[in-house]
Structure formats: structure tokens, C-alpha cells
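Hi everyone, thanks for coming along. I'd like to walk you through one model today, so please have the viewer open.

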Amino acid sequence: MRLTQYVLRRILQLAPVVLVVVIVNFVLMHAAPGDVTHILVGENPDPEYQALMRQRFGLDRPVHEQLLVYLGRVFRGDLGDSYLMRRPVIQIIAERAGPTVILAGTSLLIAGVIGTLLGTLVSIRAGTTVDVAVSVVAVTSYSLPIFWLGLMLILAFSIYLSWFPATGMMTIMGPEGYWGQLLDRLHHLALPVATLVIGGFGQYLRVARTSVLQVLNEDFITTARAIGFNRTAILVRHALRNASLPIVSMLGLQLGVALTGAVLTETVFAWPGLGRLVYEAILGRDTPLIMGAYIVMSILVALASLLTDLVYAILDPRVEYR
Amino acid sequence: MKGSQSQATGLFIFLRQLQQYWRILSQDKPALISFWILVLFIGVAVTAPWLPLADPKEFTMVQYARPGTQYWMGTDNLSRDLFSRVIWGGRLGLLVAVVSAGIASVLGVVVGGLAGYYGGWVDDVLSRVIDIFLMIPTFFLALLIIALFGSSIFLIMVVIGLTTWPRPARIMRSQVLTLKSRTFVKATRVSGASNYQILFRHIIPNGIPPVITTGTLLMGSAILIEAGLSFLGLGDPSTTSWGRMIQLGQRHIRIAPWMSVFPGVAMLVMVTSFNLLGDALNRALQPQLQERKRGHGWSRRSPLKVQEMGKLPRAISSRVLTPTPRPYWRSAIFRCITAWKTLGCEPWTAFHSRLKGAGVWGWSVSPAVARAASR
């Protein structure tokens, strides 16, 4: 079947991305100032001991061999050990991925729904004052420095109003029982999600507005209106459905943005996810951890774009499988 | 003499394009407002050293002063005047915006131009590279590089430039693809121009406007990336940057919220202005994206207007897309001069061919000139 072939080809196209990410990592590692062995053996080492360490970590081999060894290790899932925690990087990342997925996923969905709805509503009134105002709001949304927005929300809702907790994922010694804990977590989730939603809905609004507007100018909408369908039916059944493709592809693109935003948001809210981990790694100059997180995030983003393309292909029979 | 002539033509095109941009801007209220805001920001930022401001690094000996008449935005934990710090932060933000967007645009234009112009395997390879770099999360790459190589403001600007180039590259490539089959390119080729000259003197100058608008958008994102890096503690410690001010403000948010509020507001206004301006220019340059000025007039009960029934989308778009140049005496003279300067033919030849009623206007002139001259 052609679809299967298309899927396979897209997966094959993913490989160079991962390869480039890993190679970039390797090059950066080698170009970075300072000799790696200095960390291991100290500033003024015994040359013999230094040579021994070089040999032990394979640093005396030619660069291309080192690259191959590195590639092999990465593809086996070995991203090295963290300097700080003295554990395999991949293990640490796996532990911290959950909260990030919850945070980024929830906010991505909410932002997508809000943005799409608003964009659709606004598209009917294209050119009016309402439209201009909403468009400016949308641009403001993605012009917001997300960490600052988080800080302002903390200032307003947890310092002045004390409605929501400012940091963390749950209360220590908090409520007992399944429902109590769930509520507690949702309570903690509110502000970070609000931050990411406010900073993310603008893009969806824009895309939804433009693509619905394009569909609204098509002949079949005119026909539908001439037949006399009511507005909601036309908007939802004909316009939004046909305009949904760019919105879906936006969802995939935004995952990368959401992950980036998550680093900053998680830092502000002390949310124990991947982003916070990256921040801690930066503070502790924990290079293997930063690099591991970078590789994992790049792969995640690439996978998301692959997934988007697949959804795209399934949703729209007009897509050419190239 | 030939060099100075083509420079004069370039300046002419540039001025005409500026005029065109201004015409577009003056019709778009949000864009116009953001334009003036940016002018204000840039003016203040450039003249900051000569303005009657407190030194941003000087201690006033009043810690945590509230915003008021003496300190407009209050003072910070080290008793430095926040108003002056916000302005100096804007200076840095603008520098970062211009330099990194400049690097990204130049790199993008060259790569995209080469890919589009040469086609074949060059295009295949370069397009793949562009695609791959589009997929890699930009902010993380910048973060990684800065974390490894240390944070100096110079490195930050270069890294932001080097990680955001694929967008302009993609746009330039598609521009070149459409431009290279145009008549004026063929004319320059026939008159013996080299590949280099055709690409860099004729195709790229004509394809540059969308890259400029992308550059405007890139400026906004460059400011955000720099601020984000600074907020994570990767900023250049010797500079006054908005991101670092907010990072500092976070620690004192309970005592002195103004320390983080004002830099953020300033950044928000500046980035929003860049984005609104870029959007407006983008809309203006791509008429096919431009929707009808009026709304659809859909109230719940309004019937379809009669005149809407017969309108075919294609008819609308084709009318918008190809404005026919008006025969206009002054523009005829312009065309002769530009034909003379860009193509190297004698001015009267160009003029004469017009008089003879050749199908095209005189010589086929590069469209940017033609567009400018026909106004």
C-alpha cells in the first residue's frame, strides 16, 4: 500500500536529522575549550597518567573513530554518565520526562482548542475592528517572554491573591488519598499550564483564522450559503473541517516550542521535569546531561513532526505521498 | 564608472521600496503604531549615553525604592536606577536583534540563493540541510553552545544568528526559483552577465523584500532567545540585559516586584512591535494572503449578496496578483534610465523601443524597478 511506503520513507527521512543532531553534539563536545582529561586528572597532571586516561577513554584514537564509537553508543541508548548525579543520563531523563509530558501536553491541547475556536470565530469578522484587536492579542501572545509571564502570574495569583501555589508539583505532606492528591496536583498544574497556554494560543489563532478564511472564500461555501445552511453548520462542518490540516500541522510544530517554553516555565515554577533538569545541569556545568537532554528533545521534536505528517496524510486524501 | 552607476540604481530601487513600504504601513494602524514605538525605542537606545540618565551601573544608595517621581521605575536590590537600566537593556536587546537577525538573513540569503539558482544536486543537498536545521529545536542548540563555550554577548549574537538562518534561506530559495525564469534574468544573461552577477546583482535584490520581513520577525525572536538564555543564567555577566534583570527580579519578587515587571513590559512592547510590523509587511508583500478588506457580512440571517454569487476566487486572486502597470510618462523616463543603468544599453534605445510599441515596456526591466517606477 502506498501509505505504508510513505510512512517508511518518512521514517527513513528522520534518520539524517538524528544523525545531524548527534554529530553536532560530537563536534561541539570536541570544539569546546578545555581538555577533557583535565577534569579527570587535574590541572597539572603527570603526563604518563594523562596518557593512560586518554587511552582508557579512547581519546587517543583518530577523530573519525571516536565519532563512530560515539554514534554506536548513542544508538544503543548510552548517553554517558551525569557528572553531578553519577548515574546514566538516559535513566535520569526517563525519570524526569513524565511531568514535562503532562505539562507540555495539557497546555498544547488547551492552547490548540482555544486558539482554533477563537480563530474560527474571528475569521467571519475578518477586517473589522474586532478582528484587528484579536489579531494584535494573538501577536502579543507569542511575543510574550514566557518566563516573565510565569513570574507575573505568580505575582498576581500566588503572592497577591494566594489562589494557587507558586512552585512545585505537589504539596509535601499534602492531602491523602487518590482524589486528594490528584486535586493537589491539578492545583499546582494550573499556573504553569496557564502560562504556556497564554504564550501558545496566538499561533493557533493565527493559523486557524487564515486557513478558515481561505476556505470561506471557496466556491463550495458560497454554494452552501446559497442553499441556505445556517452559519454554524457551514462554519463547523465545511469550513473548519477543511481548514483543520494546517492547524494539525501547527500542533506538531508547536511541540518543539512547547518543550522550549517548558525549560523556561519549569525553571520559573520549579516544576520537576526535563526543563528544570536542563536548568540544573546548566547550573552544575553538567555537560553530558545537557547534551543527553538535547538529543532526547531533538528526537522528540522530530518524532512529533513525523507523527503530524502521518495524521496529515490520513486526514487528507489529497496529500501526495512523496 | 559602471560600478557607481549600478550603485546609484541600487539606491534608487532601495528608496522606491522604502516609499512603497511606507505606503503599506500608513494603511495599517497596529503596524503604524508599532513602527513609531520602534522608532522611539531605537532613538532612545542609540542616544542613551547622552541622555540625562543615571548610570545603569551606579549605586544610588537607595535600595528597593518604589517607582515614583525620583526613580521612575524604582531601584533594585543594589540601589541601581531601574529606568536607566531598562533603557540600557533595550540598547543591548536592539543590538542583539540587529546583529543576529543580520547574520541569519545574510547566511539564509546566500544558502537559499545558491540552492534556488543552481538547482540539481546543489539544491537537493542544501534543501535537505535547511529542512534538517528547521527541525532542530533552535533554543536548545543555542543553549547547548553557550553552556559549552561560555557566555559572551558576541558569541550569543553569533549563535542566535547561526541557529535561525533556515527560515530566510527557505524563503530566498523559493523567491529565486520564481525569479530565475523571468524575462529580465534572461536579458541579463544574454547581455553576458556571469552567474555571480545574475544571482547577486539581479535576482537577490529583487527577491529580498520577503526576507526583510522575515528578518523583522527574526529580530523579535532573537530578543526573546537572548532574554531566555540570560534568564537561565547564560547571559553575558558584563552587560545590562532585560533577561538578566528579570532573573534578578525573580529573587526579589516579594519585596520589589517592579524589578521584574518593567523590563518584561519593555521587552513585550518591543517584541510585539517587531512582530506586528513584520506581519504587516508580510501581508502587504503577498497579496494572495490578503483577505478582503471588509468582513464577510455574515449576520445570522443575512442572505448571500448577489454580487458575491458570480465572483470566482480565481478571478479575484488573479486581479490582485497582477497589477497592470499604467502607461505613465514619467515612468517611461524612469524605465529608460534604469534600463540604461542595469542593462548597459543606450537610453534612447530603450526609449525608442517603447515608442515603437514593443509589447513589453521598452526593455524588460527588473520588476522591483518596474514596480517602483510605475508608481
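Predicted model: local features only at pLDDT ≥ 70, side-chain atom pairs only at ≥ 80, totals over all residues.

Chain B has 16 helices and zero strands. Of its 375 residues, 43% are buried. If you take the contacts in chain B between residues at least 6 apart in sequence, 69% of them join residues at least 24 apart.

Now a helix pair in chain B. How do α3(B) and α9(B) pack? Helix α3, residues 82–118, meets helix α9, residues 195–231, at an angle of about 140°, and their axes are 7 Å apart. Oblique is the word for an angle like that, so α3(B) is oblique to α9(B). The crossing is right-handed. On the α3(B) side, the contact residues include B:Gly93, B:Val96, B:Ala97, B:Ala104 and B:Gly108. From α9(B), the residues taking part include B:Val211, B:Gly215, B:Leu218, B:Ala222 and B:Ile223. Sorted by class, that contact has 15 nonpolar, six polar and one charged residues.

Let's stay with B:Ile223 for a moment. Leaving out residues up to four places away in sequence, B:Ile223 touches B:Gly93, B:Val96 and B:Ala97, as well as B:Met267, B:Met270 and B:Val271. B:Ile223 also turns up in the largest nonpolar core, which has 158 residues. The residues with the most contacts inside that core are A:Ile290, A:Ala293, B:Ala142 and B:Ile223. Helix α10 of chain A, residues 231–269, gives the most to this core, with 17 residues.

On to the two chains together. The contact takes 47 residues from chain B and 51 from chain A. Which helix of chain B gives the most to the side that touches chain A? That is α11(B), with nine residues. Others that each supply at least two residues include α4, α5 and α9 of chain B. By class, this side of chain B has 28 nonpolar, ten polar and nine charged residues.

Last stop: helix α11 of chain A, residues 274–283. Eight of its ten residues are buried, among them A:Arg276, A:Tyr279 and A:Ile282. What covers them includes α5, α10 and α12 of chain A, together with α5 of chain B. After α11(A) comes A:Arg285, with a positive phi near 50°.

Note on methods. Residues numbered from 1 in each chain as written. Chains lettered and ligands numbered in written order. Axes fitted to C-alpha atoms, helices over the stretch in contact; angles between N-to-C directions. Helix = DSSP H or I, 4+ residues; strand = E, 2+ residues; numbered from the N terminus. Parallel < 35°, antiparallel > 145°, perpendicular 65-115°, else oblique. Left-handed = near helix turned anticlockwise from the far one by under 90°. Contact = placed C-beta atoms within 7 Å. Nonpolar A, V, L, I, M, F, W, Y, C, P; charged D, E, K, R; others polar. Buried ≥ 20, exposed ≤ 12 C-beta atoms within 10 Å, placed from the backbone. Core = buried A, V, L, I, M, F, W, Y, C linked by C-beta atoms within 7 Å.
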